[in-house]
Amino acid sequence: MNRRLGLLLLLVAFLPGCSGGVGFRVRPTCPGPDGCGRVAPLPAETTQVEARRPLEPVIDTLPLAPIPRSHPRVGVLRGRGSLSIGTATTGFVVHDARLPVRGRHHRILDTQAVRGLICGTDELVEGVQRAAASVARARPGALLTVGNVGRCGGGDIRWSVSHNSGRDIDLGFYLLGPDGRQHVPDDLVALDGNGEAVDRDVRVRFDPARNWLMVRAFLTDPDLSVQWMFVSRDLRRILLDHAAASGEPAELVSRAAEVLAQPARSRPHNDHFHVRIYCAPDDRMEGCQDIGSNRSWYRDSSARVDARMQELMRLSRSRDPAIRRDAAIVLGRMGRDSGAARLVAMLRDRDLQVARSAAGALAELGIGSVRGQVVRELVAHPDDQVAFLLFAALKSVPRPARVRVLQDLLSHDRPLLADLDVFQWVQPIRDVALDQLCRLEGRRAPVRLIEALRRPGVDVVAVDARLRELTGVDPDTAAVADPVAAWTNWWNARKGGL
Ligand SMILES: [Zn+2]
């Protein structure tokens, strides 16, 4: 992503969750006694998505716009073609492939085509077309219906918690009409326990033969490694019975039994298969991460990933700052703790762009193992952009600990300058922390601020002012003399204690 656009999105992420302010804004007064939560409640889902990918632009009109992604190609062990980065639930895709809406042997259903969810990795997009062609070779004319693939560029979509990293695809069932020929529906059709349904007044049923051919095509494709084919329990049984009755090799049937499953905490998948493939071996070198069960055919590449980590560590010490910068970005995507320690050291690189890359990489990787060092750098680092990026990195810290970190930061009044060419604004660390605390805690923000008032070194005047703004309350005319007691009394009277 364009660096300046990235920074703009980062700063937009800092725009206040409740009423806290940035320099160019006129401070509104929050009405009502319920404070911040009442003024701008954050729906749970938004909070969750924010925690997953803080920089994600949210554009909801259909078809969903592609999200531009970039990833540096650095080193010898690097990946090729499309890259699936991160996990199926939190990742994204670089240089993804588009599945044509209509192909010779497949069709993306209208509802899903309108969403623009047509992108995935090369391996997935090519693999599904090979599977559809394979079914059509055995049963001429067979047409595979396709539901959601992924957003172009990957990332979160509102129809599923996964499909983020280009390795998930929803496939409609091959259905038979009353005449025994394939029935092609307009949308996914939910089938009953016998595999039957009525679609637009036509009685239809699950076609064990064609659906099995499709499953078999995926499982026997040498260029793909399948992790899951989610489908309802009843349809799974029909498929496996069909495979065994048609004399398929026992080894193949047992592999099918391994991948076909009704998911435990999700809809039963009685209207589509959800296929997930494993990371391509070369994508693992850039940060593709498999999560969940491993199949008997899973190829463990941890030795190669270890070698890649060593290569990246070496490149992070290159004499060429451009290489150090790229190595930092990839280290941030590899998901390894060992990368975090190196990235913290890179925050003090003599080249500022390298330091900023390292800070951005920490925001992607998470800072679980290096939290203390990151907070110290956030306060002390001479570059304000690094400090902003490290604020973004705090989003990976679990909530209770993050509240404490933000409360601690209320005692720091160093001004941070955000320079976006078009405009600049200045905000002390304390105010950025106030905004984040507000955003994170919602309705509980006042109590967190009252707790913070008791901490040594906290700017009482600033926190008192923010509390008045959040709650619309003037607790006591004597509050300026002893705001801690005044706010504590106010809260106790209102809530029956802290
Ligand atoms: Zn799905």
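In this predicted model, Phe230 stands opposite Ala261 in strand E13. The model is a prediction, in which local features need pLDDT of at least 70 and side-chain atom pairs count only at pLDDT 80 or more, whereas totals for chains, interfaces and linings use all residues. Residues are numbered from 1 along each chain as its sequence is written. The protein has 19 helices and 16 strands; helices (H or I, at least four residues) and strands (E, at least two) are DSSP runs, numbered from the N terminus.

**Overall composition**

- Of the 498 residues in the protein, 45% are buried; a residue counts as buried if 20 or more other C-beta atoms lie within 10 Å of its own, as exposed if 12 or fewer do, and as partly exposed in between, with C-beta atoms placed from the backbone.
- Among contacts between residues at least 6 apart in sequence, 71% join residues at least 24 apart; two residues are in contact if their C-beta atoms, placed from the backbone, lie within 7 Å.

**Strand E12 and its partners**

- Strand E12 spans residues 226-230, and five of its five residues are buried, so the strand is largely enclosed by the rest of the structure.
- E12 and strand E13 (residues 260-261) pair in the parallel sense through two bridges; two strands pair if DSSP finds at least two bridges between them.
- E12 is also joined to strand E14 (residues 273-277), by four bridges and in the antiparallel sense.
- Within this antiparallel pairing, Met229 stands opposite Val275 in E14.
- In general, the strands of a sheet pair through backbone hydrogen bonds, either parallel or antiparallel.

**The four-stranded open sheet**

- Four strands form an open sheet in the order E9-E8-E11-E10, with antiparallel pairing.
- Its edge strands are E9 (182-183) and E10 (196-199), each of which pairs on one side only.
- Two bridges link strand E8 (residues 175-176) to E9 in the antiparallel sense, and Gln182 in E9 is the bridge partner of Leu176.

**Leu312 in helix H9**

- Leu312 lies in helix H9, which covers residues 302-315.
- Leu312 is buried because 26 other C-beta atoms lie within 10 Å.
- Apart from its neighbours within four places in sequence, Leu312 is in contact with Gly75, Ala327, Val330 and Leu331.
- The C-alpha atoms of Leu312 and Ala327 are separated by 5.6 Å, although the two residues are 15 residues apart along the chain.
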